[in-house]
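Let's take a walk through this model, one piece at a time. Keep the sequence and the 3D view open as you read.

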Amino acid sequence: MGAVAKKPYIMPPLSAYAEVAARLKVDNVSLRYQSPKGETFTALDRVSFEVPDQQFAVIVGPSGCGKSSLLYLTAGLAEPSDGDIYVGGQKVNGPGADRGMVFQGYTLFPWLTVRQNIEFGLKRRKLPSNEIRTIVEFYLNEVGLAKFAEHYPKQLSGGMMQRVAIARALANDPQILLMDEPFGALDSQTRLQMQQLLLQVWGNSKKTVVFVTHDIDEAILLADRIYVMGARPGHIKEILDVPIERPRNLDVVMEPEFIRMKRHILGLLHDDLAEVH
Amino acid sequence: MATQKNWVQRCLTPKVELPRKLVLSAGMLCWLLVLGLWAGFSYGGVVPSMFLPTPGDVLAAGVRLTHDGTLGKHVLASLEVVLIGFVVSSVVSVPLGLLMGSFRIVQAFLEPLVNFIRYLPVTSFVPLFILWIGIGLEQRVAVIIFGVFFQQLVMIADVSKGVQKDLINASYTLGASRRDVVMHVLGPASLPGILDTLRVTMGWAWTYLVVAELVAASSGLGYISLKAMRGFQVDVIFLAIAIIGLLGLITDQLFRLLRLRIAAWAQ
């Protein structure tokens, strides 16, 4: 624990996860593309795993291992060639508001203010306006952007835009929050701040999160469980629980457990590179 | 001295911003040069007044034609044709272009034909339109629509095609339906590009208007221009050209202001 007293996180103990049904179930999923020349490229090869409710799952892997594709499949933005994905026991069949997503690039609607961006999903669901206002105020405060509610995206920094994107996805109260390298484009200082903020927001919302990154530090800092993927074709190499207790702050990177895990994951990814070359 | 040298250097460095005053003065200077040359050639008698009127002659013609009401009548006649043609064309091309850029099937259906027609010179259709529709207002409107519509269609389809796929994906994950995507994402995201397209094609509409009026019309700025040529009234030709330029400039600025107002986010 750091010297500074932090707001306590309301979190069920890790052991509680075992009893809860899988929030996300990826069942024998393959994804193949046909190249223009007619060659078949296998992006994902019979991938199966489950993510329990309220867990923070991080998928790490080298570029081209299909980790982002897994998120797009879960979001219903693409269809698997084989296998099924279930969210909350429901088979994924097209996109829906029950699976919120934060993208790698900036995807705020530039013609809408911060407030209107967060309202977007709520308006599509035709919630009453006073309810919308309450929800938007709550999430504006959660991500610390109450003062910027009437700003347009172009007036915000990259970190602020991703905070709005997180608020916008959470405002819909999805079953699961999918995050595709959301901090990849940010400078390292901002990224650290965003990781802390995300841990805090997640602690309050208790959403199931599936977070994709290639940054091993980020993975260990954030995750309850890490799914290490290998490439060509994309597959799950190993699933690791992160035994570091929460709340975690940025000092965890110096803990022996953290370093041990990092070395292990680096080794796994290194093996993968060796297989390719 | 030091600052002057600095300015000269700034002017000679690629892509360096300059003070607003200097920029405006440069634009004015160009105008003054052209007007000065014109005045020099015409008042100096270098070019006979039958071919090049003096600026004073053109102004006098303007006053004369304004007083007897002909100018107002013909300006209104031209404006009427341009606006009807442009509005009718845009009302159809904007939604259809959006659909064409958003739905592959609409594109596949329309594109081969549109790309064929797009390269046909509008002027070659004028005789056909006269034969079909006569020489009334409808004929001139038809020329403008034919000249502008297919270009607008392709340009607006490109605008809508250029909308970032991730914005659409994001809206789906926020619960948007396909209809929502068209109405609440593709529409607003395309708005600045649509306004730019309208602004550019408005200029073309003026061009086709004059073409149509020169060939067959009994009113309009192109018509008085042609009539003036027959009567060797070169001052009136100059006046008509200047007014067309002025009207073009005004509509262009109106579109610029409209874009600033309703698509300020894209500035």
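**The sheet in chain A**

Start with the open sheet of chain A, where six strands line up in the order E6-E7-E8-E3-E9-E10 with mixed pairing. Strand E6 (99-102) and E10 sit at the edges with a single partner strand each, so one side of each has no neighbour in the sheet. From one strand to the next, the twist averages 20 degrees. Helices (H or I, at least four residues) and strands (E, at least two) are DSSP runs, numbered from the N terminus, and two strands pair if DSSP finds at least two bridges between them.

Before going further, bear in mind that this is a predicted model: local features need pLDDT of at least 70, side-chain atom pairs count only at pLDDT 80 or more, and totals for chains, interfaces and linings use all residues. Residues are numbered from 1 along each chain as its sequence is written, while chains are lettered from A and ligands numbered from 1 in the order in which they are written.

Now zoom in on strand E9 (residues 225-230) of chain A. Is E9(A) mostly covered or mostly open? It's mostly covered, with five of its six residues buried (buried means 20 or more other C-beta atoms within 10 Å of a residue's own, exposed 12 or fewer, partly exposed in between, with C-beta atoms placed from the backbone).

One partner of E9(A) is strand E3 (residues 56-60) of chain A, paired in the parallel sense over four bridges; here Ala57(A) faces Arg225(A). With strand E10 (residues 235-241) of chain A, E9(A) pairs in the antiparallel sense over six bridges. Along that pairing, Tyr227(A) has Ile239(A) as its bridge partner, and Gly230(A) stands opposite His235(A). E9(A) and E10(A) make a hairpin with four residues between them, and Arg232(A) in the turn has a positive phi of about 50 degrees.

**A pair of helices**

Next, find helix H2 (residues 114-124) and helix H4 (residues 158-171) of chain A: their axes come within 8 Å and cross at roughly 25 degrees. Because angles under 35 degrees count as roughly parallel, H2(A) is roughly parallel to H4(A). The axes are lines fitted to C-alpha atoms, for helices over the stretch in contact, and angles run from 0 to 180 degrees between N-to-C directions. The crossing of H2(A) and H4(A) is right-handed, that is, the near helix is turned clockwise from the far one by less than a right angle.

Definitions and conventions
Parallel < 35°, antiparallel > 145°, perpendicular 65-115°, else oblique.
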